[in-house]
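Trainee: I have a model to go through. Can we take its packing step by step?

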Amino acid sequence: MWNFQEVKLIQAEDRCLAFDVNSGSLHELDAVAWGLLRLFQDSGDWRQSVRDAAQLYGQEKVSAAAAEVEALHEAGHLFTPDPGWERYAPGPGPDLKALCLNVSHDCNMSCGYCFVPGQVRTGREIMPGRVIRAALDFLLKSSSHRHLAVDFFGGEPLLNQAGIREGVAYALDRGPDRNWKFTLTTNTLLFDDDVCSFTLDHNFGLVLSCDGRPAVHDTFRLTVGGRGTAAVVARRLQDYFQRAAGQEHYVRGTYTRRNLDFTEDVRYLAGLGARSISLEPVVADPEQPFALHEEDIPRIREEYFRLARFLRDQEQAGCRISFYHFQLDLPGGPCAAKRLTGCGAGYQYLAVAPDGGLYPCHQFVGHPEYCLGDLDRGIKRPDLQEQFRQAHVFAKPACRSCWARFLCGGGCHAQAALAGGASLPGGSLGRPYSLACKLVQARLEGALYYLALGEPLQEGTEPAA
Amino acid sequence: MKKTGHIRTIVAGSKPLLTPECGDCQTSVGNQTCGI
């Protein structure tokens, strides 16, 4: 009989949803169908569940609901069998296609939750031009891809504007046959008209950091001298929205235990004019007072549901806001290999430190045990690189039975290896960080609810209990 | 679905196994789009 692990039931506010793990189908259930599937979830016996449900809801209604469940199963949209992807074995390719250049470890801010290790921040290194050129040569030499991506990151990358401009010019000169995609992650303090023009000229994607309401933003995002930055960032963002409508960008913020009502921060950012927003859970040592804990998950799940409704209400009022993690493409989306391997850190994506050190991603910079090599000598830890390549969904016991596995991709390697930012003993690429899993699951429930809210209740369908 | 039904299909999900990994998608997965 069917395996209930392959269907996730979600009660979101007044809606009851069923997500079919192996097909990606999403259904809304009325009270009868919900009750029937809950009974089946508890008992594992379909025929008995139908009989028990008939006692509660009446034979005629339950027979009709059961027939619909069976028809959806036959159509491949409910209790869909496992597609057999567990046979997946990572091949040698595709190869490197993206670099994160830490062009400046230096920063003009001192954010309380910054994940960059202290010794890296105090080093204040700036990536010299020769390292930037060597990194781009390394990417061109390592990759046969037509599409190549380079993210300028920090610290605050705009403390090395000369390096960014040199890097873009060098990439376009040395790889004229490649389709380059540049991105810039900035705290916006130095994002003036000149920088804006440069990013527009070269079709940059921008990640602009702002946490939302001024009191929230200024809790953590302070200058090195300890002053709040909310007012100047708000001005920078408003200037940018007026000037660069249409440029690919996201306003990206962090929420912590101190603002679990983060829908209000999305509301604030929308009021500034932001139409593409990403708010993400803080990555922090669990001992920090602002760190998230498992006991916060129910509250966070409810907040994601609240956010979904807020976004749909805004759409009804004519204001469409793209919340990054709610943008799920269930009928399409990436291929199976991508779904099973996640971000590609360690082999498709590498971070380069100012000294030319190569790391699996920007979150590993400053952790020497995860240094893969350097630009002068190339990859010197192919064994470690292979560990990242092999850390796919079906290599992780916790992921194999998780309902979110094909939407998540196996979780963040850095959080798994560094155990949530604490560098706790026992961190492992083969075991996702439990708290991060629960946060992703709660967010995905919110994303599925957002999809459901986009469809009006159909006439004749009873509202779910 | 039937108007009088108990279940409304919001998304009929789906097939990419048939597509070899081309590698043209952006590195970051449910939020990703296919590179093809």
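**Rings, cores and helices**

Mentor: Counted over all chains, there are 24 aromatic pairs. Rings of Phe, Tyr and Trp (its six-membered ring) pair if their centres lie within 6.5 Å; planes under 30 degrees apart are stacked, over 60 edge-to-face, the rest tilted. The model is predicted: local features need pLDDT of at least 70, side-chain atom pairs count only at pLDDT 80 or more, and totals for chains, interfaces and linings use all residues. Residues are numbered from 1 along each chain, chains are lettered from A, and side-chain values use heavy atoms, without hydrogens and water.

Trainee: Are the rings of Phe40(A) and Trp46(A) stacked, tilted or edge-to-face?

Mentor: A ring pair is described by the distance of the centres and the angle of the planes. Here the centres are 5.4 Å apart and the planes stand at 75°, so the pair of Phe40(A) and Trp46(A) is edge-to-face.

Trainee: Is Trp46(A) buried or exposed?

Mentor: Buried means under 20% relative accessible area, exposed over 50%, partly exposed in between (1.4 Å probe, protein chains only). Trp46(A) has 2%, so Trp46(A) is buried.

Trainee: Which charged end sits over the ring of Tyr450(A)?

Mentor: Tyr450(A) belongs to a ring-pair cluster with Tyr255(A), Phe262(A), Tyr304(A), Phe323(A) and Phe326(A). A charge sits over a ring if NZ of Lys or CZ of Arg is within 6 Å of the ring centre and within 35 degrees of the ring normal. At 3.7 Å from the centre of the Tyr450(A) ring, the charge is that of Arg312(A).

Trainee: Which residues touch the most other members of the largest nonpolar core?

Mentor: A nonpolar core joins buried Ala, Val, Leu, Ile, Met, Phe, Trp, Tyr and Cys residues through side-chain atoms within 4.5 Å. The largest one has 127 residues. The most other members are touched by Leu101(A) and Phe152(A).

Trainee: Which helix gives this core its largest share?

Mentor: The share is 11 residues.

Trainee: At what angle do α2(A) and α3(A) pack?

Mentor: Val50(A) and Ala53(A) are among the α2(A) residues that meet α3(A), where Val62(A) and Ala66(A) are among the partners (contact: heavy atoms within 4.5 Å). Axes are lines fitted to C-alpha atoms over the stretch in contact, and angles run from 0 to 180 degrees between N-to-C directions. The axes of α2(A) and α3(A) lie 7 Å apart, at an angle of about 145°.

How values were computed
Helices (H or I, at least four residues) and strands (E, at least two) are DSSP runs, numbered from the N terminus.
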